[in-house]
Amino acid sequence: MTIHEAQQKVDEWIKFYGGGYFSELTNLGILTEEVGEMARWMVRKYGDQSLKPSEQGIDIKEAIQDEMTDILWVLLCLANQMDIDMTQGMKNNIEKKTKRDSYRHTRRIE
């Protein structure tokens with residue numbers, strides 16, 4: 001699925017099942033919440049926190065994937081609401097990073 005197709009699928013789903021978009025500010029709050037949920041799982045997998053008893057047996061990689069996908073969903077909602085083409089945005093961002101950082105991370109400091 002391309003980014004463009006994902007934007008279309010989200011828009012179709014929201015219009016058919018979701019009853020319309022939440023406000024942009026509400027979606028920003030939801031995005032923040034989803035990033036926090038991903039952070040919780042990342043801290044348990046890669047950080048110093050242990051799993052809670054209620055989290056035992058959960059596939060953490062799957063949980064992180066689910067939260068990342070929730071984040072992408074909300075980003076695509078916001079893009080749709082603000083008429084932002086995420087495919088073009090991604091192309092622009094890669095070009096910007098290439099111009100700015102193409103040698104930055106490969107230089108060796110001696």
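**Figure 1. Contacts and overall dimensions of the chain.** Of the contacts (heavy atoms within 4.5 Å) with a separation of 6 or more, 66% are between residues 24 or more positions apart. This is a predicted model, in which local features need pLDDT of at least 70 and side-chain atom pairs count only at pLDDT 80 or more, while totals for chains, interfaces and linings use all residues. Residues are numbered from 1 along each chain as its sequence is written, and side-chain values use heavy atoms, with hydrogens and water left out. The C-alpha trace spans about 55 × 50 × 25 Å along its principal axes.

**Figure 2. Helices of the chain.** The chain contains 4 helices and 0 strands; helices (H or I, at least four residues) and strands (E, at least two) are DSSP runs, numbered from the N terminus. The order of elements from the N terminus is α-α-α-α.

**Figure 3. Tyrosine 17 and its loop.** Tyrosine 17 lies in the loop that links helix 1 (3-16) and helix 2 (24-46). Its relative accessible area is 57%, so the residue counts as exposed (over 50%; buried means under 20%, and partly exposed lies in between, with a 1.4 Å probe and protein chains only). Of the 110 residues of the chain, 21% are buried.

**Figure 4. A nonpolar surface patch.** Trp13, Phe16, Tyr17 and Trp73 make up a nonpolar patch on the surface.

Technical notes: Patches are made of residues with over 30% relative accessible area and no salt bridge: like charges are joined within 9 Å, nonpolar side chains (Val, Leu, Ile, Met, Phe, Trp, Tyr) within 5 Å. Accessible areas come from the Shrake-Rupley method with a 1.4 Å probe; for residues, only the protein chains shown count as cover. A salt bridge is a side-chain nitrogen of Lys or Arg within 4 Å of a carboxyl oxygen of Asp or Glu.
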